[in-house]
Amino acid sequence: LQLQEQYHHKVIVLGVHAGSLAFYPPFNLTTPEGDAWWSFFNFQQNPTGTINRKMINGGYAYDTPMWADAVAETLQEEAALEIIPTIEYDEATRNLKVDITSKALVELPDTYSLTVCIMEDSIVGMQVTPEGNNSNFLHRHVFRTTMNGAWGEDINTTAIAPGDEIKKSYTKTLDAAYNADQCYIIAYVSNSDTKEILQVTEKKIK
(Lines give C-alpha, C1' and ligand atoms only; values in the text may rest on other atoms or scores of the structure.)
Protein backbone atom coordinates (compact mmCIF):
# COMPACT_ATOMS: atom_id res chain seq x y z
CA LEU A 1 0.00 0.00 0.00
CA GLN A 2 2.84 2.39 0.78
CA LEU A 3 4.41 1.72 -2.62
CA GLN A 4 1.05 2.26 -4.33
CA GLU A 5 0.64 5.63 -2.63
CA GLN A 6 4.25 6.60 -3.28
CA TYR A 7 3.90 5.98 -7.02
CA HIS A 8 0.32 7.29 -7.36
CA HIS A 9 -1.13 3.83 -8.03
CA LYS A 10 1.20 3.07 -10.92
CA VAL A 11 1.94 -0.04 -8.87
CA ILE A 12 -0.78 -2.73 -9.11
CA VAL A 13 -0.97 -5.23 -6.25
CA LEU A 14 -2.49 -8.72 -6.35
CA GLY A 15 -2.48 -10.58 -3.04
CA VAL A 16 -2.38 -14.33 -3.66
CA HIS A 17 -3.12 -16.59 -0.69
CA ALA A 18 -1.14 -19.82 -1.02
CA GLY A 19 1.24 -21.97 0.97
CA SER A 20 0.99 -23.64 4.36
CA LEU A 21 0.04 -20.43 6.24
CA ALA A 22 -2.74 -19.37 3.88
CA PHE A 23 -5.63 -21.50 5.15
CA TYR A 24 -7.37 -20.79 8.47
CA PRO A 25 -10.37 -23.16 8.71
CA PRO A 26 -13.11 -22.32 8.01
CA PHE A 27 -11.78 -19.05 6.50
CA ASN A 28 -10.14 -19.88 3.19
CA LEU A 29 -8.84 -17.53 0.47
CA THR A 30 -6.69 -20.10 -1.31
CA THR A 31 -7.36 -20.88 -4.99
CA PRO A 32 -6.30 -23.52 -7.52
CA GLU A 33 -4.46 -20.85 -9.52
CA GLY A 34 -2.67 -19.56 -6.43
CA ASP A 35 -1.59 -23.09 -5.53
CA ALA A 36 -0.31 -23.58 -9.09
CA TRP A 37 1.72 -20.35 -8.95
CA TRP A 38 3.12 -21.18 -5.51
CA SER A 39 4.31 -24.56 -6.76
CA PHE A 40 5.66 -23.37 -10.13
CA PHE A 41 7.60 -20.44 -8.69
CA ASN A 42 8.85 -22.63 -5.82
CA PHE A 43 7.98 -20.18 -3.05
CA GLN A 44 9.01 -21.36 0.40
CA GLN A 45 7.66 -18.79 2.84
CA ASN A 46 5.20 -15.96 3.45
CA PRO A 47 5.20 -13.08 2.99
CA THR A 48 7.00 -13.14 -0.31
CA GLY A 49 6.35 -11.46 -3.62
CA THR A 50 7.31 -11.10 -7.24
CA ILE A 51 7.99 -7.90 -9.14
CA ASN A 52 6.59 -8.52 -12.62
CA ARG A 53 7.78 -12.12 -12.15
CA LYS A 54 11.35 -11.13 -12.92
CA MET A 55 13.95 -13.65 -11.82
CA ILE A 56 16.44 -12.68 -9.14
CA ASN A 57 19.24 -14.81 -7.70
CA GLY A 58 18.01 -17.78 -9.72
CA GLY A 59 14.40 -17.57 -8.48
CA TYR A 60 11.26 -15.47 -8.51
CA ALA A 61 10.86 -14.66 -4.80
CA TYR A 62 11.53 -11.15 -3.51
CA ASP A 63 11.70 -10.75 0.26
CA THR A 64 9.84 -7.73 1.63
CA PRO A 65 12.93 -5.49 2.10
CA MET A 66 13.70 -5.89 -1.63
CA TRP A 67 10.36 -4.61 -2.91
CA ALA A 68 10.97 -0.85 -2.84
CA ASP A 69 14.20 -0.89 -4.87
CA ALA A 70 12.86 -3.46 -7.34
CA VAL A 71 9.67 -1.44 -7.94
CA ALA A 72 11.61 1.80 -8.41
CA GLU A 73 13.89 0.12 -10.97
CA THR A 74 11.00 -1.50 -12.84
CA LEU A 75 9.09 1.77 -13.17
CA GLN A 76 12.03 3.28 -15.06
CA GLU A 77 11.64 0.78 -17.91
CA GLU A 78 10.03 1.67 -21.22
CA ALA A 79 6.52 0.27 -21.63
CA ALA A 80 6.33 -2.53 -24.19
CA LEU A 81 2.58 -2.42 -24.71
CA GLU A 82 -0.66 -0.84 -23.57
CA ILE A 83 -3.59 -2.82 -22.17
CA ILE A 84 -7.07 -1.32 -22.53
CA PRO A 85 -9.94 -3.03 -20.63
CA THR A 86 -13.67 -2.58 -21.24
CA ILE A 87 -16.05 -4.04 -18.67
CA GLU A 88 -19.76 -4.81 -18.74
CA TYR A 89 -21.39 -6.05 -15.52
CA ASP A 90 -25.05 -6.98 -15.06
CA GLU A 91 -26.02 -6.66 -11.39
CA ALA A 92 -29.17 -8.75 -11.79
CA THR A 93 -27.48 -11.79 -13.33
CA ARG A 94 -23.94 -11.05 -12.02
CA ASN A 95 -22.72 -11.72 -15.55
CA LEU A 96 -19.33 -10.16 -16.20
CA LYS A 97 -17.95 -9.48 -19.68
CA VAL A 98 -14.41 -8.21 -20.14
CA ASP A 99 -12.91 -7.07 -23.43
CA ILE A 100 -9.14 -6.59 -23.49
CA THR A 101 -7.20 -4.78 -26.20
CA SER A 102 -3.42 -5.25 -26.07
CA LYS A 103 -1.55 -2.72 -28.21
CA ALA A 104 2.16 -3.21 -28.88
CA LEU A 105 4.37 -0.14 -28.45
CA VAL A 106 7.57 -1.91 -29.53
CA GLU A 107 8.34 -5.06 -31.49
CA LEU A 108 7.55 -8.17 -29.45
CA PRO A 109 9.40 -11.17 -30.91
CA ASP A 110 8.36 -13.94 -28.52
CA THR A 111 5.10 -15.69 -27.58
CA TYR A 112 2.98 -13.86 -25.03
CA SER A 113 -0.05 -14.70 -22.94
CA LEU A 114 -2.89 -12.66 -21.49
CA THR A 115 -4.21 -13.49 -18.02
CA VAL A 116 -7.38 -11.87 -16.68
CA CYS A 117 -7.86 -11.99 -12.91
CA ILE A 118 -10.66 -11.02 -10.56
CA MET A 119 -9.47 -9.25 -7.41
CA GLU A 120 -11.63 -8.40 -4.40
CA ASP A 121 -10.48 -5.71 -2.01
CA SER A 122 -11.10 -5.35 1.72
CA ILE A 123 -12.16 -8.83 2.88
CA VAL A 124 -12.39 -9.22 6.66
CA GLY A 125 -11.20 -12.54 8.08
CA MET A 126 -8.59 -14.50 10.00
CA GLN A 127 -4.90 -13.60 9.87
CA VAL A 128 -1.96 -14.74 11.96
CA THR A 129 -0.06 -11.65 13.13
CA PRO A 130 2.96 -11.14 15.43
CA GLU A 131 0.44 -10.23 18.13
CA GLY A 132 -1.55 -13.45 17.62
CA ASN A 133 -4.62 -14.54 15.65
CA ASN A 134 -6.77 -11.66 14.39
CA SER A 135 -10.22 -12.72 13.18
CA ASN A 136 -11.05 -9.19 12.01
CA PHE A 137 -8.03 -8.60 9.81
CA LEU A 138 -8.62 -6.51 6.68
CA HIS A 139 -7.25 -8.40 3.68
CA ARG A 140 -6.44 -6.08 0.78
CA HIS A 141 -6.17 -6.79 -2.97
CA VAL A 142 -7.21 -10.46 -2.65
CA PHE A 143 -6.88 -12.65 -5.73
CA ARG A 144 -10.15 -14.52 -6.23
CA THR A 145 -9.96 -16.32 -9.58
CA THR A 146 -9.06 -15.94 -13.23
CA MET A 147 -11.31 -15.68 -16.25
CA ASN A 148 -8.97 -17.73 -18.45
CA GLY A 149 -6.86 -20.04 -16.29
CA ALA A 150 -3.72 -19.75 -14.17
CA TRP A 151 -1.47 -19.12 -17.17
CA GLY A 152 -3.98 -17.30 -19.34
CA GLU A 153 -4.17 -17.60 -23.10
CA ASP A 154 -1.44 -17.20 -25.72
CA ILE A 155 -2.22 -14.14 -27.84
CA ASN A 156 0.23 -14.61 -30.74
CA THR A 157 2.07 -17.19 -32.81
CA THR A 158 4.29 -14.76 -34.72
CA ALA A 159 6.14 -11.59 -33.76
CA ILE A 160 3.97 -8.60 -32.85
CA ALA A 161 4.83 -5.34 -34.62
CA PRO A 162 4.58 -1.88 -33.03
CA GLY A 163 1.02 -0.64 -33.32
CA ASP A 164 -0.53 -4.10 -33.64
CA GLU A 165 -3.66 -4.64 -31.55
CA ILE A 166 -4.86 -7.97 -30.20
CA LYS A 167 -8.42 -8.19 -28.87
CA LYS A 168 -9.76 -10.84 -26.50
CA SER A 169 -13.12 -11.24 -24.74
CA TYR A 170 -14.09 -13.26 -21.67
CA THR A 171 -17.30 -13.83 -19.73
CA LYS A 172 -17.92 -15.21 -16.27
CA THR A 173 -20.69 -15.26 -13.68
CA LEU A 174 -19.36 -13.49 -10.63
CA ASP A 175 -19.39 -15.80 -7.60
CA ALA A 176 -22.16 -14.95 -5.14
CA ALA A 177 -19.59 -14.86 -2.33
CA TYR A 178 -17.77 -11.91 -3.91
CA ASN A 179 -18.71 -8.33 -3.10
CA ALA A 180 -19.15 -6.86 -6.58
CA ASP A 181 -18.75 -3.34 -5.19
CA GLN A 182 -15.18 -4.21 -4.20
CA CYS A 183 -14.17 -6.29 -7.23
CA TYR A 184 -11.63 -5.32 -9.88
CA ILE A 185 -10.25 -6.79 -13.06
CA ILE A 186 -6.47 -7.15 -13.18
CA ALA A 187 -5.21 -8.13 -16.63
CA TYR A 188 -1.58 -8.70 -17.56
CA VAL A 189 0.45 -9.77 -20.57
CA SER A 190 3.45 -11.98 -19.85
CA ASN A 191 6.12 -13.86 -21.76
CA SER A 192 4.72 -17.37 -22.20
CA ASP A 193 8.12 -19.00 -21.65
CA THR A 194 9.79 -16.91 -18.93
CA LYS A 195 6.49 -15.84 -17.28
CA GLU A 196 7.83 -12.28 -16.88
CA ILE A 197 5.02 -9.70 -16.95
CA LEU A 198 5.37 -6.93 -19.53
CA GLN A 199 2.34 -4.82 -18.67
CA VAL A 200 -0.64 -4.87 -16.34
CA THR A 201 -3.85 -2.91 -15.91
CA GLU A 202 -6.54 -2.66 -13.24
CA LYS A 203 -10.16 -1.53 -13.47
CA LYS A 204 -13.10 -1.63 -11.09
CA ILE A 205 -15.93 -3.90 -12.18
CA LYS A 206 -18.63 -1.39 -11.16
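This is a predicted model: local features need pLDDT of at least 70, side-chain atom pairs count only at pLDDT 80 or more; totals for chains, interfaces and linings use all residues.
Author: Residues are numbered from 1 along each chain as its sequence is written, and side-chain values use heavy atoms, with hydrogens and water left out.

Reader: Why is the pair E77 and K54 called a salt bridge?

Author: A salt bridge is a side-chain nitrogen of Lys or Arg within 4 Å of a carboxyl oxygen of Asp or Glu. The closest N and O atoms of E77 and K54 are 2.2 Å apart, so the pair meets the rule. Eight salt bridges are counted in this way.

Reader: Where in the chain do E77 and K54 lie?

Author: E77 is in the loop between α3 (67-74) and β3 (81-90), and K54 is in the loop between α2 (32-40) and α3, 23 residues apart. Helices (H or I, at least four residues) and strands (E, at least two) are DSSP runs, numbered from the N terminus.

Reader: What makes K54 buried or exposed?

Author: Buried means under 20% relative accessible area, exposed means over 50%, and partly exposed lies in between (1.4 Å probe, protein chains only). K54 has 14% relative accessibility, so K54 counts as buried. E77 has 43%, so E77 is partly exposed.

Reader: How do you know that K206 and E91 form a salt bridge?

Author: Their closest N and O atoms are 3.0 Å apart, which is why the pair passes the limit. K206 is in the segment after β12 (197-204) and E91 in the loop between β3 and β4 (95-104), 115 residues apart. E91, at 56% relative accessibility, is exposed, and K206, at 40%, is partly exposed.

Reader: What about the side chains of E165 and K167?

Author: E165 and K167 meet in a salt bridge at 3.5 Å, N to O. K167 counts as exposed at 58% relative accessibility, and E165 as partly exposed at 43%. Elsewhere, salt bridges that share partners join E91, D181 and K206 into one network.

Reader: What puts the buried residues of α3 on the same side?

Author: The buried residues A70, V71 and T74 are found in α3. They cover an arc of only 100° around the axis, so they lie on the same side of α3; the arc is that of the directions from the helix axis to the C-beta atoms. The face turned away from this buried side carries the exposed residues D69 and E73. What covers the buried residues includes α1 (2-6).

Reader: Why are β3 and β4 called paired?

Author: Two strands pair if DSSP finds at least two bridges between them. β3 and β4 have ten, in the antiparallel sense, so they qualify. I83 stands opposite S102 in β4. The two strands form a hairpin with four residues between them, and R94 in the turn has a positive phi of about 60°. β4 is also joined to β10 (residues 165-173) by nine bridges, and these strands run antiparallel. The bridge partner of K97 in β10 is T171.

Reader: What makes a set of residues a nonpolar core?

Author: A nonpolar core is a set of buried Ala, Val, Leu, Ile, Met, Phe, Trp, Tyr and Cys residues joined through side-chain atoms within 4.5 Å. The largest has 27 residues, and L96, V116 and I185 have the most contacts inside it. The elements giving two or more residues to this core are β3, β4, β5 (112-120), β10 and β11 (183-191). A second, separate core of 14 residues includes W37, W38, A150 and Y188.

Reader: Which residues does I185 touch?

Author: Contact means heavy atoms within 4.5 Å. Not counting residues up to four places away in sequence, I185 touches residues including I87, L96, V98, V116 and M147.
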